[in-house]
Each structure stands twice: as C-alpha cells, then as structure tokens.
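Keep the sequence and the coordinates open side by side.

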There are 2 protein chains.
Amino acid sequence: MSSYLSMSREELAAEFSEVKKEYESLKEMGLRLDMSRGKPSIDQIDLSKNMFDLVGNDLGFKNKDGIECRNYGGLDGLSELKELFAGILDLEPSQIIVGGNSSLNMMFDTIAQAMTHGLGGEPWMKQGEIKFICPVPGYDRHFAITEHFGIKMIPVPTTEEGPDMDKVEALVRDPAVKGMWCVPKYSNPEGITYSDTVVKRLANMKPAAKDFRIFWDNAYVIHDLYEKGDSLLNIYDECVKAGNPDLAIIFTSTSKITYPGAGVAAEAGSPTNVAIIKNRLQYQTIGPDKLSQLRHARMFKDVNEVKAHMKKHADILRPKFESVLAELNKQLSGKEIASWKKPNGGYFISLDVMEGCAKRVEALCKEAGMVLTKVGATYPYGLDEKDSNIRIAPSFPPVDEIKKASVLLCVAVRYAALEKLLG
Amino acid sequence: MSSYLSMSREELAAEFSEVKKEYESLKEMGLRLDMSRGKPSIDQIDLSKNMFDLVGNDLGFKNKDGIECRNYGGLDGLSELKELFAGILDLEPSQIIVGGNSSLNMMFDTIAQAMTHGLGGEPWMKQGEIKFICPVPGYDRHFAITEHFGIKMIPVPTTEEGPDMDKVEALVRDPAVKGMWCVPKYSNPEGITYSDTVVKRLANMKPAAKDFRIFWDNAYVIHDLYEKGDSLLNIYDECVKAGNPDLAIIFTSTSKITYPGAGVAAEAGSPTNVAIIKNRLQYQTIGPDKLSQLRHARMFKDVNEVKAHMKKHADILRPKFESVLAELNKQLSGKEIASWKKPNGGYFISLDVMEGCAKRVEALCKEAGMVLTKVGATYPYGLDEKDSNIRIAPSFPPVDEIKKASVLLCVAVRYAALEKLLG
C-alpha cells in the first residue's frame, strides 16, 4: 500500500474519488451499527446462564460461614467473595471490600468521601483546588467523575509502557495533585498494559500530597484475548516495597465476567485504606446484596474457575477484535494516516487518525449509520486537542456487523484524510 | 396493680426482693435473646421463596419494554418497578428513581450530594454550619448519617401526632437548618403515624433555607399489623398544594417486603428533585441491578399484590408484637414506672422507663443474656438525656423467645425502677 503522504495531488484526487464511491455505496446499504460502548454481547452473557440455578430453594441461602444471605448484615461482603477477589487481584482476603454491582460506583463514592472527609487527611473540599492526573486517552466515565467534583484534570500522554512517568513524577510534586486515574491492564481505550518499570515508578512516587491516591481500576485484570495474556506487576506489593502501602486503591468487578450491571464489584488496598473506606461504608449502607454474592461464590470455586470462564469470553471476543484489526491492516496499513495497536485483552481498540480528522470520521460514520464513541470522550473535558483519537468497541455486535462496521470506519478514515490532504 | 409511686418504703423493699428473685431465676436460665434490630424473621423471608424461580433461563431476562436486564443500562430503574413504587407511594412513575438494595444508601448519597453539590442551591459544605431537625426518639442510622457529615442535629420531641410542629416551625426560621428526618408512618421506634394536621403543617412550612429538604423515610408505608392500618396523608400532594413541591424527598424499599439486603430501594419527589438526583446518578453508576428489579416485577404485578403479601408478614409479626404488649400490660401497667404505645404497624415498640433507668435496664438484660438496641441510639449523638427510652424490636426471634424476652425486660424495668425509688 502506498502512503497518502507520498502521493501527488492527482493521485490523491483519484484515490478520493474511489473512496467517495465506496463510502456512498456503504451509505446506501442503510446500515445500523453501534461500536460505541464496551458492552458484552448476549453470547457472552449467556455463558453465565447457570448462575440462576445456583441460589434458590433447593440449595439454600447460607454461605459457607452459615450466614443467611437473604437477611441484613455483612458490611463488606461474604468471605467467599473476598477470597475470590483476593485470587483475582493477588491480594489477601482481608484487603478486599466487596460492594454492590458497580466498581464505578465504588470509585465515585471513594472520591466523594475524599471530598467530604478526606482519605486520611483533611477533606479535599477544604484544601482549595484539587487536581488529578489523567493518562490519555482514557476512560470517559473516570473523567466524568472528577469533573463532577470540580477536580482539575491534567492529561498526561500514554506511551506503549503506560503513562509518561517523567511527566507524572513532575506533577506529583504539586501538593494540589491528589490523585491519578489508571487502567493498568488492557487500558481503556488503548489496550496497553503498564510495564514493570512504570508500575515500579508509580509505586515509588513521593507525592507532595500525603493523601495522594492512585485509583487503580483493574477492570480487565483477567480479560485476556489470547492464551498468553499480558502480565502486570502487583501494584500493592510494589507500593509496600517502596514504603508507600497506602498509595493505591484497587478496583475491579465481575461486570465483564458474569453480568454487566448484575455482577459484583470490589475495592481493595492497604489495611489503612480498607479502614478508611469501611468507616464511610458503616454509615452508607447496611450491606451489599449478599444473594448476588452467593450466586457468584457458587459459580466460581476459585480464581482458576474464573480464568477458565474467561477463556470462553475470549473465544467470543477474539474474532471480533481480529475482524477489526484485519480491516485496519487491509485498508489503512502503510498509508500513514492512522495508527493503532493490537491489544491482547480488554474491550477496546484505539485508533489515532490524522490530526483534525477524528470528528470528521465520526460524522461520516454517523451519516452512514454507525455510532462510534463520541470523539473527545477519551480525554478530560471531552477535549482531544489533536482531534485524532477514536475508541473502537467491538464487543457487542455480532462478527458480521463488526466486519461491515470496520469497512465503513476505514473508508471514513481514508475519506477524512484525503479531504484534509486535498485541503 | 398498684403504682410504685404510691407504695411505702417497706412495700417497695418487699417488691424489690420479689423482683430480684424473679430476675435471678431468669438469669439462671442462661438465656440468649436478641431484640436489638428491626430484622425480619426467616419465616417472613421465606414468604418470598418463589422469587428465585421468576428470573432464569425459562422465563428470559427481558422486561416488558424488551430491555435485556442482564446487560448495562437503565440509570433509574425498570418501568415496572417505577410503576410498582408509584403505586406503593401514591405518586407518578416519573417521580420514582429506582436504586440498589438499600434506601439508607440513597439517603446517604443524597445528603452526600447536598454536601458537595447542593440540592438546587450552593453545596452545603460551602454554607457554614448546617443543621438538621431530628424528631426523637428516632432512627439511629439516620442520626449516624447526619453526624458523619458533621451536620448539627437538633432533637425535637414527638407527640402522638408526630413531631412537635410548634418547635419545628420555629426551627426552620434559621437558614442553617437545611433538613429534617421523618419516619412518618409507624415511626421508628414509637410506631406512631403523623396526623393529617402534622403532614399539612410540614408541607406548608416556609423554611428560611431555600434548599431545605424533608427526608421522608416512608420505610413502613404498607407495613400494617392489622387489617385496618393507620393512614398517612400524601406528603407530596400536600407540598404541591402548599406551593412547596420540592420540599420533601421520599424514600422507601422492599427490604421488609421481600429481602432485607436483597430488595429494591426507591427515592422519589418533584420533577426538580428527580432531575437533581439523576444529575448525580449519571456520574455515580451505570445503573442498578436490573435482574433484582426484574424478579420483583415478576413477583408483584401491582401494589395490590404487594398488599396481599404484606398481610402474610402481618400474620407472622402480630403475635410477636402482641406477646410483648401483653407482658408490658401484665407486669408494668398501673405501676407508673413505664409508658408505651400499641403500634398498628412497623417494626418497633418504644418503651419509656423511669428517667435515669434505661441504661440500667439494658445492663440488667445484658447480664441475663438479652441484647437490646443500645440505649441512647434513638437519639442524636446517642444521647438520651432522660436515659429513659428503650427500643424493642420483636420481629426476628420466634414467639416463645419473644415471650421470655418480654418477661425479662419487664422484670428488669421493675428492678431498675425499684432500685431508683429505694435510692
């Protein structure tokens, strides 16, 4: 394939006329495609079908400790779930707080707590301007939480190894910088996994703010697409080694293991962090839904059973990811108008198109019947200054739709690039 | 029965020696009783047994609107649940926000939101000292939430009709008074229901604080013990009539209808209040557990089915309440050392013993093997200045235990009174 950057104006014009034709014929197909959200497909959800037979009148409602799961009580979760999440996160059960159906909710609540009560220090709301480090591109819902609380977000670029640590280390010298969002494994949206060096540098930071916290959203901790997944250092162990045990608060959930919206979430960390969070929880709730936890406990004896289950998810997701990647390769490779990485897990492919073209691509796709994640959403305040990043979420639609969607997306990328080059 | 207050010292001494003997023989029984928490019994929980057969592979996972309840989405609940709660609370479905498993959590979150973002006005944390009106005796977990947020609590005595409205109306002239806790029906712990006059006076208040809110915890809205329950005016309708549509935020849940800890909670109010709350929710969560909601929707077609179900609860609870009341009558009536009311619903009986005796009663009960709700818990900051109120929670233990517990409690009340009178 020849690079658009080395083409003459005539060649570009000829190519544009071809691409336009392709685009128009796609448009005429009257497509209705959606690659906007990282939502599991029905096939994936059906993998957990038998969960509904695991709690009921025949099997009783008590957990292994004899707790009646239908009644009140149990602020931080059943012991089975603490053990399960400890296995998933490589932590001790005592470090786990099991929550409701949403880890995002736990993140929100922890930041809300920081604002009103602090995290071991003064309430953030009483400390003047608060800032957060936001590796970009990143997860729109993280940025929405910090924006909601009026926390100033500082974008930091992501390298292939994780956030640019020189920049991060410089930023944490500012005592107003109180926190940092991280999706350390199969990051949303780039699908990269933080290198050992990056994890160690994060764990060894000495932020000026004593109440600084890394919000370590390990959403895709065991969400590999291939037999051999990426490996991520245990942030907690590294923090302990660095004498910073309280630096990171760790989150995960079974939303993309069992049921999105009806899974179980967890929050974890040092004994100090666990105590701080439980101190809020005792006022906030009588306890999470233990019946949902009991279903999960009976579905998965241990982390190995979860891992086996994740292979079934991977079998469904892999062809979808590979369809997108094949089309990106086919249409865009060598043209020097887009770049992307092949992720080994997670829910997204991140595509960087020519600067100033992402919104145009979004509009072209929309015009032809496809919804993409809103361009800019992967940046704080929705501002992608380069107007370049597109998040592709291939999990929900079936493979044949993914194929069509990928063709359309690539045609739109070429269309927008040619428009720009032809000025 | 003769009043202790009219007895001679000799008569009191003789009575004390009798009571001591009774107490010692009860102590020797090695009882292990718990009347501390308003927790449904296993019999009650078993009433909802068939809920687990209502969501599963045979019946599918879609609600009547075709929403796949296993996947993400739906910020404020399924339409069936909005309709069900609208029926329970006598409101419109559009006024209902369906939440997770805990209405307490919704109250906490709404107050947290008021602190950081305000409820239509400035954030409460930016408005200096904030105060709440707390009818006493009241619900310890309400008081714990306001204390957690550093909100100053002002106790207001409760009459047979509800909170002392002269006092309440005087207090709301202070712009720092931002809210008020109410359990308007079968109040926790007194079991009284606010009279029409009280509800109207509440709805017609003109608080100095424009962002004042009544937190209307209608936890026992349909939790009657008898065929004819108390009736409570619709606070929202009265607020609208008074030109105060935003004054009250209403809460309830199915915790004591289906499963405590695995029920569904709701928050409701004016369009403005609903919009304010949803504005937080969109950042806090992707949505509540729709499978739990779907189970409830399939269990109860409408509010009439819920009401029929509540009669079964009443059949289990009534004998327990009546056991306690019979023993109170038998041992304490006419002695002028205690007073109580017979509730027509709810989960508690409130017993006022001689001033300065409640803690002693608690200690005597504990020594003989019975746990009561911590004395003082029914007051802000745990301070019952008269040391007089004891909350009795007869729902959980079986009737035979309730009987023993009531005998012990009454003996302890007489014991403590006689100690005091004998000085």
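In chain A, the C-alpha centres of domain 1 and domain 2 lie 30 Å apart. Domain 1 of chain A covers 4-44 + 307-422, and domain 2 of chain A covers 61-301. These bounds come from an automatic or database domain assignment. The model is predicted: local features need pLDDT of at least 70, side-chain atom pairs count only at pLDDT 80 or more, and totals for chains, interfaces and linings use all residues. Residues are numbered from 1 along each chain as its sequence is written, while chains are lettered from A and ligands numbered from 1 in the order in which they are written.

How do the two domains touch? In chain A, 25 residues of domain 1 are in contact with 26 residues of domain 2. Two residues count as in contact if their C-beta atoms, placed from the backbone, lie within 7 Å. On the domain 1 side, α11 (303-332), β11 (349-353) and β13 (389-392) of chain A each supply at least two residues. Helices (H or I, at least four residues) and strands (E, at least two) are DSSP runs, numbered from the N terminus. The largest share of that side, seven residues, comes from α11(A). By class, the domain 1 side that touches domain 2 in chain A has 13 nonpolar, seven polar and five charged residues. Here Ala, Val, Leu, Ile, Met, Phe, Trp, Tyr, Cys and Pro count as nonpolar, Asp, Glu, Lys and Arg as charged, and the others, Gly among them, as polar.

The strands β11(A) and β13(A) also belong to a sheet. It is open, has three strands in the order β10-β11-β13 (chain A), and its pairing is antiparallel. Two strands pair if DSSP finds at least two bridges between them. β10 (338-340) and β13 of chain A are the edges, each with a single partner strand, so one side of each has no neighbour in the sheet. From one strand to the next, the twist averages 25°. β10(A) and β11(A) pair antiparallel over three bridges. Look for S339(A), which stands opposite D352(A) in β11(A). α11(A) lies across β10, β11 and β13 of chain A, running at about 20° to β11(A). Axes are lines fitted to C-alpha atoms, for helices over the stretch in contact, and angles run from 0 to 180 degrees between N-to-C directions.

Next, a helix pair. Two packed helices are described by the angle between their axes and the distance between the axes. The axes of α1 (residues 9-28) and α13 (residues 399-422) of chain A come within 9 Å and cross at roughly 145°. The contact of α1(A) with α13(A) holds 14 nonpolar, no polar and four charged residues.

Turn to another sheet of chain A. This open sheet has eight strands in the order β2-β9-β8-β7-β6-β3-β4-β5 (chain A), with mixed pairing. Its edge strands are β2 (96-98) and β5 (162-163) of chain A, each pairing on one side only. β3 (residues 131-136) and β4 (residues 152-159) of chain A pair in parallel over six bridges. P135(A) has V156(A) of β4(A) as its bridge partner. Helix α5 (residues 140-148) of chain A lies across β3, β4 and β6 (177-182) of chain A, at about 155° to β4(A).

Some backbone details stand apart. Most residues other than glycine have a negative phi, and most peptide bonds are trans. Y186(A) has a positive phi, near 50°, and lies in the loop between β6 and α7 (196-203) of chain A. In chain B, a cis peptide bond joins V136(B) and P137(B), with omega about -5°. P137(B) lies in the loop between β3 (131-136) and α5 of chain B. The bond from N188(B) to P189(B) is also cis, with omega near 10°.

Finally, the chain pair. A rotation of 180° with 0.0 Å of shift along its axis superposes chain B on chain A, with RMSD 0.1 Å. That is the relation of a two-fold axis. The superposition is by least squares on the C-alpha atoms of residues with pLDDT of at least 70 in both copies. The contact takes 42 residues from chain B and 41 residues from chain A. α4(B) gives the largest share of the chain B side, six residues. Of the interface residues of chain B, 98% are also interface residues in chain A, so the copies meet through the same surface.
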